[in-house]
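Hi everyone, thanks for coming. Today I'd like to walk you through one structure, so please have a look at the screen with me.

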2 protein chains.
Amino acid sequence: MVAKRYNEKHRVVFYETDVTKNINIGMLVDLMMLASENQSEQLGIGTDKVNGLGYGWVITQHVLEIERLPKINEEVKIWTEADSYNKYFCYREFGIDDMDDNPLVRMHTIFVLMDFKNRKISQIVPELIIPFGATETPKVKRYKNVKKIKEIDNHKKYQVRFMDIDSNHHVNNVHYFDWMLDTLDYDFLSKHTLKKINIQYKQEVTYGDIVTSNVQIINSNDTITTLHAVKNNDKVSCLAECEWI
Amino acid sequence: MVAKRYNEKHRVVFYETDVTKNINIGMLVDLMMLASENQSEQLGIGTDKVNGLGYGWVITQHVLEIERLPKINEEVKIWTEADSYNKYFCYREFGIDDMDDNPLVRMHTIFVLMDFKNRKISQIVPELIIPFGATETPKVKRYKNVKKIKEIDNHKKYQVRFMDIDSNHHVNNVHYFDWMLDTLDYDFLSKHTLKKINIQYKQEVTYGDIVTSNVQIINSNDTITTLHAVKNNDKVSCLAECEWI
């Protein structure tokens, strides 16, 4: 089977960018997630349909490769396709290209299906995946795990706010990325460029929780790696590994 | 002279909404500000042109009247026009209507022109306002001042982050509204509906500043008024008065 590819255009606007005039990372991921929602709606298996059957799609991992971040006022092409799936996991590919079709960003994402009744991971329901044209495969594809922090170079605390939670009752992507990157200072964030992000979501946080965002900064010859862990008391909520130049 | 009206459409998407499935207030204001930026670009007097002449537009006050907040997936019509101006102030009107032209939101905004050389308010420069078709008036129109807080019922502290600042080096609207409303709890925010906001910007905050967001909650018969003050040490950065039902 050949995966159906969904395409849309987007112009980056001022409130989606930061002082570097490039798009904010959380917003970048939100735009790609919106494209996948739009494809689902187009195929008649949007959020209402999925929720109506007692399920919800949950993301466990994003792997991003960034050639160049889209900049303010730039028009870009966003595409997505549901590549393959097995008993428990769906693999979706995303891309952002400039208007001359040069690749700017690639993202590989793992989705699982949560059963609302028992709040547990469900087997993939065929009618929710077949319309995408995704290939079924017995193999469990894995993405690289995020390296664990060994030493904490900086940390900050945040309380989960009403406005951090979107209409799906999830903390929106933007806020996770902001919590993680805010442990790096202005000098670091304005002088370095993100090239890769590998992020794993482990456990949800809810309204009022106080999360701690920890970072370890590892310098090597020509790249800097930052390791991030967002913790809710002792439970890890989210881990990420970023590469910068 | 008749003010030129600029129109555009927008579909509210998931990451613009909160758990109520309505649009986030800061995002609502951002969308209207974007419409005014788009009109400026269309008339050849966009940010680059204004900055190139050594100036920047700065907002001193927004007054919002909310009939109903746009909801997730809803398509709305956004319009704006530069109504009138005098020696120092420009008055701009905004509206959001549903697709049947029922008014959802009205916003009245005062802009001033800042001279980048001395960081002071400049007289309005005719070439930056005439293309909008705004009417010059000798009268200084005023909007109601925001009532001052007398007792602090709750307060929270925030440190201004890298990602709070947009490409214009200003703290984005979203964050001011989030700081102010986060002093109200989940129960309040999920059960009450915003009907009016009067917000006055007094003094900018910059990266690293620690701001305190104070609130006073005043119950009367059928409305609740909340008074807000965002302070940077002893300096007031922003005041707001909200009416809820």
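How far apart do the C-alpha centres of domain 1 of chain A and domain 2 of chain A lie? They lie 20 Å apart. Before we go on, a word on conventions: this is a predicted model, where local features need pLDDT of at least 70, side-chain atom pairs count only at pLDDT 80 or more, and totals for chains, interfaces and linings use all residues. Residues are numbered from 1 along each chain as its sequence is written, chains are lettered from A and ligands numbered from 1 in the order in which they are written, and side-chain values use heavy atoms, with hydrogens and water left out.

Let's stay inside chain A for a moment. Its domain assignment gives domain 1 (6-136) and domain 2 (154-244); such bounds come from an automatic or database domain assignment. In chain A, 21 residues of domain 1 are in contact with 19 residues of domain 2, where contact means heavy atoms within 4.5 Å. The two domains of chain A bury about 1,600 Å² between them, 52% of it on carbon and sulfur atoms. Buried area here is the accessible area (1.4 Å probe) that two parts lose on being put together, summed over both. On the domain 1 side, A:Ile25, A:His62 and A:Ile66 lose the most area to domain 2 of chain A, together 27% of what that side buries. Between these two domains of chain A, the rule finds zero salt bridges; for that we ask for a side-chain nitrogen of Lys or Arg within 4 Å of a carboxyl oxygen of Asp or Glu.

Now, the two chains together. A rotation of 180° with 0.0 Å of shift along its axis superposes chain B on chain A, with an RMSD of 0.0 Å. That is the relation of a two-fold axis. The copies are superposed by least squares on the C-alpha atoms of residues with pLDDT of at least 70 in both. In chain B, the C-alpha nearest the axis belongs to B:Tyr158, 4.6 Å from it.

What does the interface look like? Chain B and chain A bury about 3,500 Å² between them, 62% of it on carbon and sulfur atoms. B:Phe14, B:Tyr15 and B:Phe162 supply 23% of the area that chain B buries against chain A, more than any other three residues. Across this interface of chain B and chain A, the rule finds one salt bridge. B:Arg161 forms a salt bridge with A:Asp178, with the closest N and O atoms 4.0 Å apart.
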